Amino acid sequence: MIHRECGVLKTSYAADMALYPVPLARWTVGAIAAAAFGVFPLLAGDYLLSIANLAAIAVVGAIGLNILTGYTGQISLGHGAFMSVGAYTAAILATRAGLPVWVCLPAGGAMAALVGMIVGSPSLRIKGLYLAIATLAGQFVIEWTINHVTWISGGVQASIYVPRPALGGLVIQSQREMYYFIMVVTALAVVAALNLFRTRVGRAFIAIRDHDVAAEIIGINIFRYKLLAFAISSFYAGVTGVLYTYYLGIANYEQFTIVTSIDFLAMIIIGGLGSILGSIFGAVFLTLLPIVLRYVVEGIGGLFFTIPDVLNLITNVQLILFGGLIVFFLVVEPEGLNKLWRNIKDYFRVWPFAY
Amino acid sequence: MDFFALLVVNGLLVGTLYSLIALGFVLIYKATDAINFAQGELVMIAGFFVAALIQLYRVPLAATVAIAVLAMMLLGFGIERVMLRPLIGRPVIAVIMATIGLAAILKGTGPLVWGAETKNLPLPIPEAPFLVNVLDVVVLVSPIQLVAAGVSLAFLAVFGYIFLRSRMGIAMRAVADSQQVAMAMGINVERYFALAWAMAGIVSALGGIIWGNLLGVDVHLALVGLKVFPVVILGGLDSIPGAVVGGLIVGVVEGVAAGYIDPYVGGGTKDFVPYLLMILALMVRPYGIFGKEIIERV
Amino acid sequence: MTRSLALTLAAVLALAAAASPVWAGHEIAVGLQCDRVGPTNTIGPFLCPGAHDYVKLVNKKGGVDGHRVRVIEIDIKYQVPLAVESYEKMKQEGIVSLMLYGTPQTYALTPKLTEDRIPGTAPGFGRADATDGTKYPYVFPVAASYWSQATAAVRFLLDESKKQGKKVGKVAFLFYDNPAGREPLQILETLARREGFELRTFAVPPPGIEMSAQVLDIGGRFRPDWVITHLFGRSPSVSIKELKRVGYPLDRVVSFVWGAAESDVEAAGWSTAEGYLGLQYAGVGQDFPVIQEIVKMYRDEGQAPPKEMAHSVYYNRGVLWAAVHVEAIRNAIKKFGPQIKGEHVKQGFEMIKGVTLGGLVPPLEITPNDHEGGGWVQVWQVKGGKWTRVTDWFKAYPDILQEALKGS
């Protein structure tokens, strides 16, 4: 009934290579954009907006990690450290050099990309688990460096306050203004990533993931492209760190520990490796999980346990559920939420027929 | 000189403690090619269990050890059956993430069942250190460290023999080498996977008892698991003597670096010196001192 | 299958909605941030119930001038983003004051609290420069900051050594290597210069369970006369065991307030920790009228008193936290009437004087200039299987503190 591709005839190369060739897809994306930019921020209260902000920032990070791990097959446990590099770079530039946010944001990302390339350089010689452990080492070394080098960390407290971002006279303060700012950056990130995998760079990444020796043989310089993957992924991570910093008003390395790296890995696994939509699903899901869980456990637990016990219960249950979900998705649906979504879409593509 | 000797001896002894945990990791990798990110959490759960047995139920020590070993073996069986068997043949990131998920589950279950406060795990081993004269230099040695060293070396001997000589060990090595060929030769791959995890469970039980006594049992005991990576990379992911040697090296380097460099950089060298060592090893000799080199054939 | 799933989901949601309690009447909301599963999960699960129980007691006695107090607790796992997010939620529910938890969270929320004009308390943790009420008008340490604890510890060990006729030549400072741990460093260095002892600092990397090299150095090489420890979470119990293992006498070890609780000593073993000294900013034990009242309140309801009470060091601190907030609210209502907001409660804090709850709370006196209230501590020692009091409330070196405040 909803024949998506039927009757869509293209008459130019541009139309054939468009990002969304099917009109229904274009209408859907337009509607989502209108809802996200127009309807939601006007209707939602401050608290919902703050959750949306956190989720949007996580989306950028998840996409970055997916580029590296999902599309290029390089496991990285150092995502948190790259975020903190970006965060502190932007904080230092903003406070000591007084640069505005539209300089600090890409600068933070660029610095993180540079560090990411350095951490990823062992990928020339090692792969798989060994590379993962090398990135784990990178995470700890970067954390220690930021904590101990006072020039970077800004003194004993190792946290740097950043002033509110200002774009041409407009100071971004309230949750709503933050929302627009973050959504613009996130939208750019998503579109950039989508387009990345329509270029030969993106295809090289996927080739490296699928079989790197074969890719080398057909002429792809895998070391160069692996470094590029690290660079792009770390750029995204750096931007995520900068966004967190501006959102919270403070850059603090304790937000970007190994736990954060594992969180983002979980996001892309649950969302679906190797898909941008999956990254979005995973990021939103994992951002909402603790909040929803708190409501549910508070509501139901209040019937069975006393309040202090419930509060103790919540966080441990969160951990168990977090781990359980990862294992569940790995065992039952290895391609994550994205695959579930595709199943639903495929079902409706030929509905009411069965196939 | 005195201080240096003190640091080296202490480092060696602490190193054997690290190898105890690394041994569990190596056993699993050697037999199943799976990377266990939850090694620290297994030690933690063993510690919780033993602390509860000793303090809450007042079970005598010998029985406690036996029950704990049995329980951790069963836990190992269970983990393998539920989580890892469905993931046979999947890419390495799937198994890594599965063990990370397992780590989170264990980290939540421990405090949920047994409470969040730190528990003491008393062992009938004297606390006070005694002085030993080594080559005219006096060093402090703590009895619990000697016990741990003894246990690690005992395990090394036992597991080394099992893998080298016994039928079970050879079968496990075959499975680790190539699951499909092993299956074709009639080896029950799934049974040996289960056995490997059970063995890791046993090692974790002992590790939990000793580390629990050293540090006290609570959720942060799991963090000793992070030390495992430098040790196994140095020693070789699939080498049992490598786990011990790697542990010793990491222990000594850590201690000496911390003792001498810490005052200049304000502390914390202990944390990242093992990782620097590891990065060095990865660049120079990725398979570790004793590890088996993997040659890729196209 | 899908239908039963949908029905179950609907039932769960309905149950959750129905179970949310319905509040009525004029209520004053206070926010409480707690850490029950993060790095300080040895503290939160015992401290926060103390605050809840005190408020319960106050409500049972008719509330504050007839108004009910509600505590909104959210677990922040000692993470800054969660602290910020939970603050936004609490703000939405209309809190008039906030019980902060953790030094990095205090730093992160200071600008927001100032902007929103909601006072926050940070008893016994950073930031020490908030003692100056004019600098950070909406942050109240309310109890001895790390600077005050440093001066008190040094005063105590100097006095003890003098009593025993010994001179203090070397002091070691064993601390958790994070911003909170490093805060007292400058004060200790000033004190070392003034009193003429050699100070050497030993940083313990987070999460604070590995300190054998540092302790070996202390016990084997440096061999100081006294050791001051500034550790929290898991660290204190490990430090006790490690120091014992290198043979250092524990009655020469003084710990700051977050390393001197029952749980730390229990984890190390009461017999192992014999002699260990610690600073406290709230009374220890159940021997206070307010604690007895809470016990009676539970018994009247037919329940046993909560087991967290046995961890009296942290539980009583929770009671202190809540008591200070309740007192501030009471002062605010007296001055401004029942419809109070954050800025009124802030002034209520600055009127606090003479609330001792029978000795559980030190003689705090909070003014617009002094948000710390005096920096009082007591020294307690592990003797014969429990904590026993060694000194009464005291504070030390006010001139050094003033200088440091001016300079910061």
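Open this predicted model and start on chain A, where helices α3 and α8 cross with a left-handed sense.

**Stop 1: α3 and α8 of chain A**

Select residues 46-71 of chain A for α3, then residues 175-196 for α8. Their axes come within 9 Å and cross at roughly 20 degrees. Angles under 35 degrees count as roughly parallel, so α3(A) and α8(A) fall in that class.

Now show side chains at the contact. On α3(A), pick out residues including Leu49(A), Ala52(A), Ala56(A), Val60(A), Ile63(A) and Ile67(A). On the α8(A) side, the residues they meet include Met178(A), Tyr179(A), Ile182(A), Thr186(A), Ala189(A) and Ala193(A). Colour this contact by class and you get 16 nonpolar, four polar and two charged residues.

Stay on α8(A) and select Glu177(A). Is Glu177(A) buried, exposed or partly exposed? It has 17 C-beta neighbours inside 10 Å, so it counts as partly exposed. Draw a distance from its C-alpha atom to that of Leu49(A): 9.8 Å.

**Stop 2: α3 and α12 of chain A**

By class, the contact of α3(A) with α12(A) has seven nonpolar, five polar and no charged residues.

**Stop 3: α11 of chain A**

Next, select residues 222-248 of chain A, helix α11. At 1.5 Å a residue, its 27 residues should span 39 Å. Its end C-alpha atoms are 38 Å apart, which agrees.

Then step just past the end of α11(A) to Gly249(A), where phi is positive, about 85 degrees.

**Stop 4: where chain B touches chain A**

Show chains A and B together. Here 38 residues of chain B are in contact with 34 residues of chain A. On chain B, select α4 (92-114), α9 (228-235) and α11 (269-284); each gives two or more residues to this side. Which element of chain B gives the most? That is α4(B), with 17 residues. Colour the chain B side by class: 30 residues are nonpolar, five polar and three charged.

**Stop 5: where chain C touches chain B**

Bring in chain C. Its contact with chain B involves 32 residues of chain C and 32 of chain B. On chain C, select β7 (198-204), α8 (212-222), α9 (235-245) and α10 (262-268), which each give two or more residues. The most come from α8(C), with six. The chain C side divides into 14 nonpolar, nine polar and nine charged residues.

**Stop 6: two positive phi values in chain C**

Go to Lys77(C), in the loop between β2 (68-75) and α3 (80-92) of chain C. It is not a glycine, yet its phi is positive, about 50 degrees. Lys77(C) is buried, with 24 other C-beta atoms within 10 Å.

Then jump to Arg223(C), in the loop between α8 and β8 (226-230) of chain C. This residue also is not a glycine, and its phi is positive, near 45 degrees. Is Arg223(C) buried or exposed? With 11 C-beta neighbours inside 10 Å, Arg223(C) counts as exposed.

**Stop 7: His230 of chain C**

Finish on strand β8 of chain C by selecting His230(C). His230(C) has 29 other C-beta atoms within 10 Å and is buried. Which residues does His230(C) touch, not counting those up to four places away in sequence? Select Phe173(C), Phe175(C), Tyr176(C), Gly181(C), Pro184(C) and Phe256(C). Last, draw a C-alpha to C-alpha distance from His230(C) to Val204(C): the two are 9.8 Å apart in space and 26 residues apart in sequence.

Key
Residues are numbered from 1 along each chain as its sequence is written. Chains are lettered from A and ligands numbered from 1 in the order in which they are written. This is a predicted model: local features need pLDDT of at least 70, side-chain atom pairs count only at pLDDT 80 or more; totals for chains, interfaces and linings use all residues. Axes are lines fitted to C-alpha atoms, for helices over the stretch in contact, and angles run from 0 to 180 degrees between N-to-C directions. Helices (H or I, at least four residues) and strands (E, at least two) are DSSP runs, numbered from the N terminus. Angles under 35 degrees count as roughly parallel, over 145 as roughly antiparallel, 65 to 115 as roughly perpendicular and the rest as oblique. A crossing is left-handed if the near helix is turned anticlockwise from the far one by less than a right angle, and right-handed if clockwise. Two residues are in contact if their C-beta atoms, placed from the backbone, lie within 7 Å. Ala, Val, Leu, Ile, Met, Phe, Trp, Tyr, Cys and Pro count as nonpolar, Asp, Glu, Lys and Arg as charged, and the others, Gly among them, as polar. The expected span of a helix is 1.5 Å times one less than its number of residues. A residue is buried if 20 or more other C-beta atoms lie within 10 Å of its own, exposed if 12 or fewer, and partly exposed in between; C-beta atoms are placed from the backbone.
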